[in-house]
Amino acid sequence: MPFRPQNPSPESNPSPSPTKRRTATGWSDLWAKSPKSLNQVFFAMPLPSHTKSQTLVSTVDRTLLLSDETLLRILSKLPVSQSLSNSLVCKRWLNLQGRLARSIKVLDWGLVESGRLIERFPNLTHVDLSRSSVVSPRNSGILLHRDDLSLHLSAGFSPIRRILEESLLSVDVIDRGLRLLAGGCPNLSKLVVVGASEVGLVSVTEECSTLQELELHRCSDDALRGIVGCRNLQILKLVGCVEGFYSELVSDIGLTILAQGCKRLVRLELSGCEGSFDGIKAIGQCCQMLEELTLCDHRMDGGWLAGLSYCENLKTLRLQSCRTIDSNPGPDEHLGSCPALESLYMQKSHLRDKIGMRALFLVCQTVKDIMIQNCWGLEDHIFSTAIFCRRVRFLSLEGSSLLTTQGLELVLLSWQELQSLQVTSCKSIRDSEISPDLATLFSSLKDLKWRPNTKTLLAATLAGSGMGRKGGRFFKRA
(Lines give C-alpha, C1' and ligand atoms only; values in the text may rest on other atoms or scores of the structure.)
Protein backbone atom coordinates (compact mmCIF):
# COMPACT_ATOMS: atom_id res chain seq x y z
CA MET A 1 0.00 0.00 0.00
CA PRO A 2 1.58 3.17 -1.07
CA PHE A 3 2.45 5.66 1.67
CA ARG A 4 0.86 9.06 1.45
CA PRO A 5 2.13 11.82 3.61
CA GLN A 6 -0.75 13.51 5.48
CA ASN A 7 -1.10 17.28 5.44
CA PRO A 8 -0.91 18.76 8.91
CA SER A 9 -4.14 20.07 10.31
CA PRO A 10 -4.66 23.78 10.64
CA GLU A 11 -4.93 23.41 14.43
CA SER A 12 -1.49 21.79 14.76
CA ASN A 13 0.35 24.27 12.55
CA PRO A 14 -1.67 27.42 12.13
CA SER A 15 -0.52 29.84 9.55
CA PRO A 16 -0.25 33.41 10.67
CA SER A 17 -2.96 35.61 9.31
CA PRO A 18 -1.85 39.02 8.18
CA THR A 19 -5.11 40.53 9.47
CA LYS A 20 -4.62 39.22 13.02
CA ARG A 21 -0.93 40.09 13.35
CA ARG A 22 -0.26 42.99 15.81
CA THR A 23 2.98 44.37 17.11
CA ALA A 24 3.50 46.16 20.44
CA THR A 25 3.88 49.87 20.05
CA GLY A 26 5.50 50.56 23.42
CA TRP A 27 6.23 49.47 26.98
CA SER A 28 2.72 50.41 28.09
CA ASP A 29 1.14 48.04 25.56
CA LEU A 30 3.47 45.23 26.55
CA TRP A 31 2.63 45.58 30.27
CA ALA A 32 -1.06 45.93 29.47
CA LYS A 33 -0.99 42.55 27.70
CA SER A 34 1.07 40.90 30.43
CA PRO A 35 0.36 42.15 33.96
CA LYS A 36 3.28 40.13 35.32
CA SER A 37 5.84 41.99 33.25
CA LEU A 38 6.38 44.72 35.85
CA ASN A 39 6.80 42.14 38.61
CA GLN A 40 9.36 40.30 36.49
CA VAL A 41 11.32 43.50 36.10
CA PHE A 42 11.38 44.02 39.86
CA PHE A 43 12.32 40.41 40.49
CA ALA A 44 15.18 40.78 38.05
CA MET A 45 16.55 43.86 39.81
CA PRO A 46 19.36 43.15 42.27
CA LEU A 47 18.29 43.61 45.87
CA PRO A 48 20.36 45.44 48.49
CA SER A 49 22.64 43.38 50.67
CA HIS A 50 20.41 43.70 53.74
CA THR A 51 17.52 42.01 51.86
CA LYS A 52 19.34 39.17 50.06
CA SER A 53 18.64 36.80 52.90
CA GLN A 54 14.91 37.25 52.54
CA THR A 55 12.99 34.81 50.31
CA LEU A 56 10.80 36.29 47.63
CA VAL A 57 7.99 33.92 46.68
CA SER A 58 4.83 35.60 45.51
CA THR A 59 4.91 39.13 46.96
CA VAL A 60 7.68 41.49 48.00
CA ASP A 61 7.89 44.80 49.84
CA ARG A 62 8.93 47.25 47.12
CA THR A 63 10.26 49.74 49.72
CA LEU A 64 13.05 47.26 50.51
CA LEU A 65 14.66 48.43 47.28
CA LEU A 66 15.03 51.91 48.80
CA SER A 67 17.74 52.91 51.21
CA ASP A 68 16.88 54.32 54.63
CA GLU A 69 17.97 57.79 53.59
CA THR A 70 15.72 57.78 50.51
CA LEU A 71 12.74 56.45 52.43
CA LEU A 72 13.29 59.05 55.16
CA ARG A 73 13.14 61.81 52.57
CA ILE A 74 9.88 60.39 51.21
CA LEU A 75 8.28 60.04 54.66
CA SER A 76 9.31 63.57 55.61
CA LYS A 77 7.25 64.94 52.69
CA LEU A 78 4.04 63.28 53.88
CA PRO A 79 1.51 65.14 56.09
CA VAL A 80 1.95 64.92 59.84
CA SER A 81 -1.53 63.41 60.15
CA GLN A 82 -0.21 60.24 58.43
CA SER A 83 2.63 59.67 60.89
CA LEU A 84 0.70 57.16 62.99
CA SER A 85 -0.47 55.22 59.95
CA ASN A 86 3.05 55.12 58.55
CA SER A 87 4.37 53.73 61.83
CA LEU A 88 1.99 50.77 61.63
CA VAL A 89 3.22 49.51 58.25
CA CYS A 90 6.20 47.51 59.51
CA LYS A 91 9.03 47.65 62.03
CA ARG A 92 11.33 49.40 59.62
CA TRP A 93 8.82 52.17 58.98
CA LEU A 94 8.21 52.40 62.71
CA ASN A 95 11.90 53.07 63.37
CA LEU A 96 12.23 55.48 60.47
CA GLN A 97 9.16 57.45 61.52
CA GLY A 98 10.62 57.71 65.00
CA ARG A 99 13.78 59.21 63.59
CA LEU A 100 11.70 61.97 61.97
CA ALA A 101 9.99 63.00 65.23
CA ARG A 102 11.34 66.20 66.75
CA SER A 103 8.71 67.10 69.36
CA ILE A 104 6.85 64.93 71.87
CA LYS A 105 4.67 65.16 74.98
CA VAL A 106 5.42 62.24 77.27
CA LEU A 107 2.44 60.79 79.16
CA ASP A 108 4.19 57.83 80.83
CA TRP A 109 7.36 58.37 82.83
CA GLY A 110 8.25 54.71 82.36
CA LEU A 111 9.23 55.49 78.76
CA VAL A 112 11.90 57.86 80.05
CA GLU A 113 13.28 55.62 82.80
CA SER A 114 13.41 52.48 80.64
CA GLY A 115 15.28 54.26 77.83
CA ARG A 116 12.59 53.39 75.29
CA LEU A 117 11.92 57.06 74.61
CA ILE A 118 15.48 57.61 73.40
CA GLU A 119 15.53 54.36 71.46
CA ARG A 120 12.20 55.08 69.77
CA PHE A 121 12.81 58.81 69.10
CA PRO A 122 16.59 59.42 68.89
CA ASN A 123 16.44 62.89 67.30
CA LEU A 124 14.13 64.77 69.67
CA THR A 125 14.61 68.51 70.13
CA HIS A 126 11.38 69.44 72.02
CA VAL A 127 10.32 67.34 75.03
CA ASP A 128 7.42 68.03 77.41
CA LEU A 129 7.57 65.95 80.61
CA SER A 130 4.96 67.89 82.60
CA ARG A 131 2.08 65.40 82.33
CA SER A 132 4.20 62.33 82.92
CA SER A 133 5.57 63.82 86.16
CA VAL A 134 2.16 63.51 87.80
CA VAL A 135 0.77 60.17 88.98
CA SER A 136 -3.03 60.17 88.79
CA PRO A 137 -5.72 57.45 88.61
CA ARG A 138 -6.68 56.99 84.96
CA ASN A 139 -10.06 55.39 85.78
CA SER A 140 -11.27 58.33 87.84
CA GLY A 141 -14.26 60.36 86.65
CA ILE A 142 -13.01 63.54 88.36
CA LEU A 143 -10.92 65.69 86.04
CA LEU A 144 -9.23 68.86 87.26
CA HIS A 145 -8.09 71.26 84.55
CA ARG A 146 -6.08 74.46 84.88
CA ASP A 147 -4.28 76.17 82.02
CA ASP A 148 -2.29 73.45 80.21
CA LEU A 149 -2.49 70.91 83.06
CA SER A 150 -5.17 68.21 83.29
CA LEU A 151 -5.25 65.85 86.27
CA HIS A 152 -7.53 62.96 87.27
CA LEU A 153 -8.37 62.96 90.98
CA SER A 154 -9.33 60.10 93.25
CA ALA A 155 -12.67 60.23 95.04
CA GLY A 156 -11.01 60.71 98.42
CA PHE A 157 -8.90 63.78 97.66
CA SER A 158 -8.93 66.69 100.12
CA PRO A 159 -9.56 70.19 98.71
CA ILE A 160 -7.61 71.68 101.62
CA ARG A 161 -4.28 70.06 100.78
CA ARG A 162 -2.26 70.89 97.69
CA ILE A 163 -3.13 68.33 95.06
CA LEU A 164 0.03 68.04 92.99
CA GLU A 165 2.35 67.80 95.98
CA GLU A 166 0.79 64.41 96.75
CA SER A 167 0.74 63.22 93.14
CA LEU A 168 4.16 64.27 91.84
CA LEU A 169 6.97 61.79 91.31
CA SER A 170 9.85 61.96 93.73
CA VAL A 171 12.73 64.30 93.01
CA ASP A 172 15.18 61.39 92.65
CA VAL A 173 13.03 59.74 89.98
CA ILE A 174 12.72 62.97 88.01
CA ASP A 175 16.45 63.71 88.22
CA ARG A 176 17.30 60.18 87.09
CA GLY A 177 15.00 60.54 84.10
CA LEU A 178 16.55 63.90 83.20
CA ARG A 179 20.03 62.34 83.17
CA LEU A 180 18.88 59.62 80.75
CA LEU A 181 17.12 62.15 78.55
CA ALA A 182 20.07 64.51 78.43
CA GLY A 183 22.49 61.70 77.57
CA GLY A 184 20.32 60.50 74.68
CA CYS A 185 19.19 63.86 73.27
CA PRO A 186 22.26 66.11 73.04
CA ASN A 187 20.46 68.36 70.51
CA LEU A 188 17.62 69.17 72.89
CA SER A 189 16.48 72.79 72.43
CA LYS A 190 13.23 72.91 74.48
CA LEU A 191 12.33 71.18 77.74
CA VAL A 192 9.27 71.30 80.03
CA VAL A 193 9.57 69.59 83.41
CA VAL A 194 7.90 69.63 86.84
CA GLY A 195 9.68 69.29 90.17
CA ALA A 196 13.28 68.99 88.98
CA SER A 197 16.13 69.73 91.37
CA GLU A 198 19.56 71.24 90.86
CA VAL A 199 21.11 67.79 90.25
CA GLY A 200 18.83 66.90 87.35
CA LEU A 201 19.05 70.33 85.74
CA VAL A 202 22.85 70.29 85.92
CA SER A 203 22.93 67.11 83.81
CA VAL A 204 20.74 68.81 81.20
CA THR A 205 22.96 71.88 81.22
CA GLU A 206 26.13 69.85 80.73
CA GLU A 207 24.86 67.53 77.99
CA CYS A 208 22.50 69.82 76.03
CA SER A 209 24.56 72.84 75.03
CA THR A 210 21.96 73.86 72.42
CA LEU A 211 19.13 74.27 74.96
CA GLN A 212 17.31 77.52 74.16
CA GLU A 213 13.89 77.23 75.80
CA LEU A 214 13.16 75.94 79.29
CA GLU A 215 9.95 75.72 81.33
CA LEU A 216 10.29 74.82 85.01
CA HIS A 217 7.19 74.10 87.09
CA ARG A 218 7.37 73.85 90.88
CA CYS A 219 10.67 75.66 90.73
CA SER A 220 12.68 76.93 93.69
CA ASP A 221 15.72 79.10 94.33
CA ASP A 222 17.96 76.05 94.79
CA ALA A 223 16.82 74.48 91.51
CA LEU A 224 17.85 77.62 89.60
CA ARG A 225 21.47 76.92 90.47
CA GLY A 226 21.30 74.02 88.01
CA ILE A 227 20.71 76.24 84.96
CA VAL A 228 23.54 78.69 85.57
CA GLY A 229 25.52 76.97 82.82
CA CYS A 230 22.80 77.39 80.15
CA ARG A 231 24.72 80.00 78.20
CA ASN A 232 22.47 79.79 75.14
CA LEU A 233 19.15 79.90 77.00
CA GLN A 234 16.86 82.53 75.46
CA ILE A 235 13.32 81.72 76.64
CA LEU A 236 12.58 80.82 80.26
CA LYS A 237 9.35 80.27 82.19
CA LEU A 238 9.44 79.81 85.97
CA VAL A 239 6.38 78.63 87.92
CA GLY A 240 6.89 78.79 91.66
CA CYS A 241 3.45 78.65 93.28
CA VAL A 242 0.09 77.59 91.85
CA GLU A 243 -2.66 77.99 94.40
CA GLY A 244 -4.27 74.67 95.25
CA PHE A 245 -1.67 72.64 93.33
CA TYR A 246 1.80 73.21 94.78
CA SER A 247 3.90 75.90 96.42
CA GLU A 248 7.60 76.66 95.99
CA LEU A 249 9.62 79.77 96.65
CA VAL A 250 11.32 81.82 93.94
CA SER A 251 12.67 84.99 95.54
CA ASP A 252 15.31 87.64 94.86
CA ILE A 253 17.98 85.01 95.56
CA GLY A 254 16.84 82.82 92.71
CA LEU A 255 16.31 85.78 90.37
CA THR A 256 19.85 86.99 91.06
CA ILE A 257 21.30 83.51 90.41
CA LEU A 258 19.31 83.36 87.21
CA ALA A 259 20.43 86.79 86.04
CA GLN A 260 24.12 86.05 86.57
CA GLY A 261 24.00 82.71 84.72
CA CYS A 262 21.55 83.22 81.84
CA LYS A 263 22.64 86.51 80.35
CA ARG A 264 21.26 85.85 76.87
CA LEU A 265 17.63 85.72 77.91
CA VAL A 266 15.25 87.33 75.43
CA ARG A 267 11.92 86.31 76.97
CA LEU A 268 11.23 85.69 80.67
CA GLU A 269 7.98 84.67 82.38
CA LEU A 270 7.62 84.61 86.16
CA SER A 271 4.47 82.90 87.42
CA GLY A 272 3.67 82.70 91.12
CA CYS A 273 7.11 84.06 92.00
CA GLU A 274 8.12 86.36 94.82
CA GLY A 275 10.75 89.07 94.64
CA SER A 276 11.27 92.79 94.90
CA PHE A 277 13.19 95.70 93.42
CA ASP A 278 16.54 93.90 93.87
CA GLY A 279 15.57 90.84 91.82
CA ILE A 280 14.10 92.84 88.92
CA LYS A 281 17.10 95.16 88.97
CA ALA A 282 19.54 92.22 88.78
CA ILE A 283 17.69 90.83 85.76
CA GLY A 284 17.74 94.22 84.04
CA GLN A 285 21.45 94.79 84.64
CA CYS A 286 22.66 91.29 83.67
CA CYS A 287 20.16 90.23 80.98
CA GLN A 288 20.67 93.15 78.65
CA MET A 289 19.09 91.30 75.69
CA LEU A 290 15.76 90.87 77.51
CA GLU A 291 12.89 92.11 75.31
CA GLU A 292 9.78 90.56 76.85
CA LEU A 293 8.85 90.18 80.54
CA THR A 294 5.66 88.49 81.77
CA LEU A 295 4.47 88.50 85.38
CA CYS A 296 1.63 86.09 86.12
CA ASP A 297 -0.02 86.04 89.56
CA HIS A 298 3.07 87.69 91.01
CA ARG A 299 3.80 88.02 94.71
CA MET A 300 6.29 90.86 94.42
CA ASP A 301 7.00 93.18 97.33
CA GLY A 302 6.18 96.87 97.05
CA GLY A 303 8.60 98.91 94.97
CA TRP A 304 9.38 96.30 92.30
CA LEU A 305 8.19 98.60 89.50
CA ALA A 306 11.24 100.83 89.93
CA GLY A 307 13.45 97.88 88.91
CA LEU A 308 11.98 97.92 85.40
CA SER A 309 13.93 101.08 84.59
CA TYR A 310 17.11 98.94 84.49
CA CYS A 311 15.65 96.83 81.66
CA GLU A 312 16.88 99.21 78.98
CA ASN A 313 15.96 97.00 75.99
CA LEU A 314 12.61 95.77 77.29
CA LYS A 315 9.95 96.09 74.56
CA THR A 316 6.96 94.16 75.92
CA LEU A 317 5.54 93.97 79.47
CA ARG A 318 2.68 91.58 80.30
CA LEU A 319 0.70 91.43 83.55
CA GLN A 320 -1.60 88.40 83.78
CA SER A 321 -3.88 87.30 86.64
CA CYS A 322 -2.24 89.75 89.05
CA ARG A 323 -4.11 90.61 92.25
CA THR A 324 -2.23 93.86 92.61
CA ILE A 325 0.18 95.91 90.53
CA ASP A 326 2.51 97.44 93.14
CA SER A 327 1.42 97.90 96.74
CA ASN A 328 4.04 100.58 97.50
CA PRO A 329 5.74 101.97 94.38
CA GLY A 330 7.48 104.85 96.19
CA PRO A 331 8.01 108.44 95.04
CA ASP A 332 7.82 109.33 91.35
CA GLU A 333 11.43 110.47 91.14
CA HIS A 334 12.64 106.95 92.05
CA LEU A 335 10.51 105.10 89.50
CA GLY A 336 12.34 105.94 86.28
CA SER A 337 11.04 104.57 82.96
CA CYS A 338 11.68 101.94 80.29
CA PRO A 339 13.01 103.87 77.27
CA ALA A 340 12.49 101.06 74.72
CA LEU A 341 9.09 99.81 75.92
CA GLU A 342 6.53 99.54 73.11
CA SER A 343 3.71 97.26 74.34
CA LEU A 344 1.83 96.94 77.64
CA TYR A 345 -0.66 94.08 78.12
CA MET A 346 -2.92 93.62 81.17
CA GLN A 347 -5.12 90.53 81.28
CA LYS A 348 -7.46 89.23 84.00
CA SER A 349 -5.84 91.44 86.64
CA HIS A 350 -7.11 93.66 89.47
CA LEU A 351 -6.61 97.33 88.60
CA ARG A 352 -8.35 98.91 91.59
CA ASP A 353 -5.23 100.48 93.10
CA LYS A 354 -4.87 103.99 91.65
CA ILE A 355 -1.40 104.53 93.12
CA GLY A 356 -0.07 101.32 91.60
CA MET A 357 -1.66 102.02 88.21
CA ARG A 358 -0.29 105.56 88.20
CA ALA A 359 3.21 104.24 88.90
CA LEU A 360 2.82 101.62 86.14
CA PHE A 361 1.87 104.22 83.53
CA LEU A 362 4.74 106.45 84.64
CA VAL A 363 7.26 103.64 84.16
CA CYS A 364 5.63 102.75 80.80
CA GLN A 365 5.22 106.33 79.55
CA THR A 366 6.98 105.54 76.25
CA VAL A 367 4.58 102.71 75.39
CA LYS A 368 2.85 102.71 71.98
CA ASP A 369 0.38 99.82 72.35
CA ILE A 370 -1.90 99.27 75.36
CA MET A 371 -4.25 96.30 75.69
CA ILE A 372 -6.53 95.84 78.72
CA GLN A 373 -8.53 92.62 78.58
CA ASN A 374 -11.06 91.34 81.13
CA CYS A 375 -9.60 93.26 84.07
CA TRP A 376 -11.43 94.31 87.22
CA GLY A 377 -11.74 97.72 88.86
CA LEU A 378 -10.79 99.96 85.94
CA GLU A 379 -12.82 103.06 86.80
CA ASP A 380 -12.60 106.54 85.30
CA HIS A 381 -10.27 108.02 87.94
CA ILE A 382 -7.89 105.06 87.57
CA PHE A 383 -7.85 105.06 83.78
CA SER A 384 -7.19 108.82 83.84
CA THR A 385 -3.61 108.10 84.97
CA ALA A 386 -2.94 106.76 81.46
CA ILE A 387 -2.51 110.36 80.23
CA PHE A 388 1.18 110.02 81.15
CA CYS A 389 1.55 107.72 78.11
CA ARG A 390 1.72 110.40 75.40
CA ARG A 391 2.91 108.16 72.54
CA VAL A 392 0.06 105.65 72.44
CA ARG A 393 -0.97 104.65 68.92
CA PHE A 394 -3.10 101.60 69.66
CA LEU A 395 -5.61 101.01 72.49
CA SER A 396 -7.71 97.89 73.03
CA LEU A 397 -10.31 97.69 75.80
CA GLU A 398 -12.32 94.54 76.44
CA GLY A 399 -14.53 93.70 79.39
CA SER A 400 -13.97 96.99 81.29
CA SER A 401 -17.51 97.33 82.62
CA LEU A 402 -16.82 100.26 85.01
CA LEU A 403 -15.22 102.62 82.51
CA THR A 404 -17.62 105.26 81.17
CA THR A 405 -17.69 107.27 77.96
CA GLN A 406 -16.50 110.42 79.77
CA GLY A 407 -13.53 108.60 81.33
CA LEU A 408 -12.52 107.18 77.96
CA GLU A 409 -12.87 110.54 76.22
CA LEU A 410 -10.66 112.30 78.76
CA VAL A 411 -7.72 110.03 77.97
CA LEU A 412 -8.25 109.67 74.23
CA LEU A 413 -8.28 113.41 73.61
CA SER A 414 -4.91 113.71 75.38
CA TRP A 415 -3.25 111.20 73.02
CA GLN A 416 -2.24 113.09 69.92
CA GLU A 417 -0.69 110.07 68.13
CA LEU A 418 -3.60 107.63 68.49
CA GLN A 419 -4.26 105.71 65.25
CA SER A 420 -6.21 102.60 66.22
CA LEU A 421 -8.94 101.97 68.80
CA GLN A 422 -10.84 98.81 69.79
CA VAL A 423 -13.59 98.90 72.43
CA THR A 424 -15.47 95.65 73.10
CA SER A 425 -17.92 94.58 75.83
CA CYS A 426 -17.64 97.74 77.96
CA LYS A 427 -21.26 98.15 79.00
CA SER A 428 -20.88 101.56 80.69
CA ILE A 429 -19.69 103.16 77.42
CA ARG A 430 -22.72 104.26 75.42
CA ASP A 431 -23.13 105.57 71.91
CA SER A 432 -25.56 108.24 73.05
CA GLU A 433 -22.85 109.86 75.21
CA ILE A 434 -20.30 110.40 72.44
CA SER A 435 -19.40 114.10 72.24
CA PRO A 436 -18.64 115.99 69.00
CA ASP A 437 -14.93 116.09 69.90
CA LEU A 438 -14.83 112.34 70.39
CA ALA A 439 -16.72 111.80 67.13
CA THR A 440 -14.17 113.97 65.32
CA LEU A 441 -11.37 111.88 66.80
CA PHE A 442 -13.05 108.69 65.59
CA SER A 443 -13.23 110.02 62.06
CA SER A 444 -9.48 110.62 61.99
CA LEU A 445 -8.50 107.11 63.14
CA LYS A 446 -7.06 104.60 60.71
CA ASP A 447 -8.71 101.65 62.44
CA LEU A 448 -11.80 101.69 64.68
CA LYS A 449 -13.63 98.72 66.21
CA TRP A 450 -16.52 100.05 68.30
CA ARG A 451 -18.66 97.45 70.05
CA PRO A 452 -18.88 98.65 73.65
CA ASN A 453 -22.28 97.13 74.38
CA THR A 454 -23.14 93.85 72.68
CA LYS A 455 -26.76 94.02 73.85
CA THR A 456 -27.27 97.39 72.16
CA LEU A 457 -25.63 96.04 68.99
CA LEU A 458 -27.89 92.98 69.03
CA ALA A 459 -31.02 95.10 69.52
CA ALA A 460 -30.05 97.38 66.63
CA THR A 461 -29.40 94.39 64.39
CA LEU A 462 -32.79 92.81 65.18
CA ALA A 463 -34.77 96.04 64.91
CA GLY A 464 -37.80 95.61 62.69
CA SER A 465 -37.46 91.83 62.48
CA GLY A 466 -39.92 91.07 65.25
CA MET A 467 -37.39 88.89 67.06
CA GLY A 468 -36.58 89.49 70.69
CA ARG A 469 -40.22 89.97 71.76
CA LYS A 470 -42.45 87.43 73.42
CA GLY A 471 -44.55 85.78 70.79
CA GLY A 472 -44.34 88.39 68.04
CA ARG A 473 -45.33 87.65 64.52
CA PHE A 474 -43.40 84.36 64.52
CA PHE A 475 -45.74 82.79 67.06
CA LYS A 476 -49.39 83.10 66.05
CA ARG A 477 -52.30 80.97 66.99
CA ALA A 478 -53.47 78.65 64.28
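Tutor: A disulfide is counted here as a pair of cysteine sulfur atoms within 2.5 Å. In general terms, a disulfide is a covalent bond between the sulfur atoms of two cysteines. This is a predicted model, in which local features need pLDDT of at least 70 and side-chain atom pairs count only at pLDDT 80 or more, while totals for chains, interfaces and linings use all residues. Residues are numbered from 1 along each chain as its sequence is written, and side-chain values use heavy atoms, with hydrogens and water left out.

Student: How many disulfides does a search of the whole structure find?

Tutor: The search finds 0 disulfides. The sulfur of C262 has its closest cysteine sulfur in C230, at 5.7 Å, which is too far for a bond. For C241 the closest cysteine sulfur is that of C273, and the 9.3 Å between them is likewise too far for a bond.

Student: Is C262 buried or exposed?

Tutor: Buried means under 20% relative accessible area, exposed means over 50%, and partly exposed lies in between, using a 1.4 Å probe and protein chains only. With a relative accessible area of 1%, C262 is buried, and C241, at 13%, counts as buried too. Of the 478 residues of the chain, 42% count as buried.

Student: How many helices and strands does the chain have?

Tutor: Helices (H or I, at least four residues) and strands (E, at least two) are DSSP runs, numbered from the N terminus. By that rule the chain has 17 helices and 19 strands.

Student: How should I read the packing of helix α11 and helix α12?

Tutor: Two packed helices are described by the angle between their axes and the distance between the axes. Axes are lines fitted to C-alpha atoms, for helices over the stretch in contact, and angles run from 0 to 180 degrees between N-to-C directions. Helix α11 (residues 252-261) packs with helix α12 (residues 277-286) at an angle of about 5 degrees, and their axes are 8 Å apart. That makes α11 roughly parallel to α12, since angles under 35 degrees count as roughly parallel, over 145 as roughly antiparallel, 65 to 115 as roughly perpendicular and the rest as oblique.

Student: Which residues of α11 and α12 meet?

Tutor: Contact means heavy atoms within 4.5 Å. From α11, the residues D252, L255, T256, A259 and Q260 meet D278, G279, A282, I283 and C286 of α12. The residues of this contact divide into 5 nonpolar, 3 polar and 2 charged, where Ala, Val, Leu, Ile, Met, Phe, Trp, Tyr, Cys and Pro count as nonpolar, Asp, Glu, Lys and Arg as charged, and the others, Gly among them, as polar.

Student: Why is α11 described as largely enclosed by the rest of the structure?

Tutor: The reason is that 7 of the 10 residues of α11 are buried, namely D252, G254, L255, I257, L258, A259 and G261. These buried residues pack against β7 (235-239), β10 (267-271), β11 (274-275), α12 and β13 (299-300).

Student: Which value of phi does N374 have, and where is its place in the chain?

Tutor: Phi of N374 is near 50 degrees, a positive value in a residue other than glycine. N374 sits in the loop between β16 (369-373) and α14 (380-383), and at 31% relative accessibility N374 counts as partly exposed. S425 also has a positive phi, near 55 degrees, and its place is in the loop between β18 (420-424) and α16 (436-444).
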